[in-house]
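The chain and its fold are shown first.

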Amino acid sequence: MSQLQPIKGTHDLMFEDIRRHRHVEETAFEVASRYGYGEIATPVFEFTDVFKRTLGDTSDIVTKEMYTFETKGGDSVTLRPEGTAGVARAFISGGLAQQTPLKFFYRGPMFRYERPQKGRQRQFHQIGVELLGVPTPQADIEVIALGAHILKELRLTGAVTLEINSLGDIESRAAYRDELVRYFSARTDQLSADSRERLARNPLRILDSKDPADKAAVVDAPRFTDHLNAASKDFFQQVQDGLAALDISFKVTPALVRGLDYYGHTAFEFTTDALGAQGTVLAGGRYDGLIKQMGGPVTPGIGWAAGVERLAMLLPELAQANRPIAVIPIGDEETKVALAVTNTLRHAGLSVDIAYSGNMGKRMTRANKIKAAFAVILGSDEVRDGVATVRNLDTGDQVKVAQADLARHLAAFK
Ligand code: ATP
Ligand code: MG
C-alpha cells in the first residue's frame, strides 16, 4: 500500500466540504453560547484508563474500536474515541467541583477503529455539550432543547426525529435488569454470540445490538418504561412535559438505551432516515454516576454529542461565501502598482485576489473561477493617471475610480 494514500477511514477536508463542516461547528457554538456554554478543548489523547473507566471494559468502543499505543515512557495512551471522558477527567483533575453548575461545549476530531462506510470514518469529528452539577429534569430539558435549537439553526428540523427514553434510577434499573435476564435467558438460542456474552456482563446492551437476530429477539422484550419506579416515572414525565411546553416533538422509544451502569434517567437521539444505516446524528443522556466512578466527587451530568460529517452531509446548500475582488495588472510595471493597490484594499477589510501571471484573458478567466464580484484592472493608461478600471463582473459595467478612492468605492458593494 502506498504510504502517500490517506489512512483508510480518514479524509482531507477542503473547499466546500470544510466550509460545510465549519458551518456546523460555528452555528452550534454560536447557539450553545446563547445557552451559557463555554468552550473546552481537551487533548486528543489521554491515558487509556480515562476511557476504560468511563466507557467500561465491555463496551464496543473499548473492546474493539480504540487506537491505543504505548509511549516511549511506557504509558498506555489512547486517541480519544469520544468527548465526555476527557471533559470528566478535566473536571476532576482541574478541581472544578466547587464551580458547578458548569456548561461545556466542545468540538474536534475523534478516532475509532471501525469499518469505514458512508457516515462512518476512523477519524471523524464531533460537536458536543456537557452540563455538570444539575440533578433536576430542567437540565435534561435544556440540553435536549439546545440540540433541537442547533438542528433548527442548521435548517434540519424536518430531516430529524427526536427519540427519548428513560433508564430510570438505580433501583429501577436493577429491577429491570433482572427482568431482562429472565427474558433473554429463555431465548439464548436466538441471540448472537456477542449478545450471549452481554447477557452475563451487561444485558441492557442487547437492546442496543445492531445484529438482525438480536433485533428480532428484542421486539417483545420487557420495556424499561413499564419498570420505572414512581420517582423515575415522575422524572421522565417532567422531561416530557418540559419538551412539550417548548413545542419540541418527540417519540418515546423503549429500546433506546445507553448500556453503561452510570447512565440513568434520560437517554435521547436525533435520528434521520436520509443516511442509511448511519441514522443517528446527535445522541446523549444523563450520566449521574460517571464522575464518581472515575474517582471524582459525586456530580450529576448530562450531555450529547453529534457527528459533524453526518450533519454536514444533511445540510441544505449553503449561501454563497463573500465574493472576492480580483486585481488585474496588464504588464510588469502595472504589477508593482497592483501589489500596492491589493495591499491597501486588504488592509481596508476587503477580500482581494491578485492575478499573478498570464495575459488579460487568462487573468479574467481566473477572476471568474474564483467568483470575483469585481475586477480592478490596471493598464498603462490607468497607472499613468493614478486610476483603476473597476468592472462589475456580473453586468460588465465599468467605471474609472481614483486609486486613492478604491477602498471606499468597493466597500460600498461588500
Ligand atoms: P453508531 O450507532 O452510529 O455507531 P454511536 O452510538 O457509536 O453511533 P456515539 O458514541 O453516541 O455514537 O457518538 C455520537 C455521534 O457521533 C453519533 O450519533 C454519530 O453522529 C457520530 N459518530 C459516531 N461514530 C462515528 C464514526 N465512526 N464516523 C462518523 N460519525 C460517527
Ligand atoms: Mg458506534
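A polar contact is a pair of N or O atoms within 3.5 Å; within protein, one must be able to donate a hydrogen and the other to accept it, and residues adjacent in sequence count only if both atoms are side-chain atoms. One such contact, of 2.7 Å, joins the side chains of Ser-209 and Asp-214.

The model is predicted: local features need pLDDT of at least 70, side-chain atom pairs count only at pLDDT 80 or more, and totals for chains, interfaces and linings use all residues. Residues are numbered from 1 along each chain as its sequence is written, and side-chain values use heavy atoms, without hydrogens and water.

Buried means under 20% relative accessible area, exposed over 50%, partly exposed in between (1.4 Å probe, protein chains only).

| Residue | Relative accessibility | Class |
|---|---|---|
| Ser-209 | 9% | buried |
| Asp-75 | 37% | partly exposed |

Ser-209 lies in the loop between helix H7 (193-201) and helix H8 (212-218). Helices (H or I, at least four residues) and strands (E, at least two) are DSSP runs, numbered from the N terminus. Asp-75 sits in the loop between strand S3 (67-70) and strand S4 (76-79). Asp-75 and Phe-47 are 28 residues apart in sequence, yet 7.4 Å apart in space, C-alpha to C-alpha.

Now the sheet. Its 8 strands form an open sheet in the order S1-S5-S6-S11-S10-S9-S7-S8, with mixed pairing. Strands pair if DSSP finds at least two bridges between them. S7 (residues 161-166) and S9 (residues 264-271) pair in the antiparallel sense over 6 bridges. Ser-166 stands opposite Thr-266 in S9.

Technical notes
Chains are lettered from A and ligands numbered from 1 in the order in which they are written.
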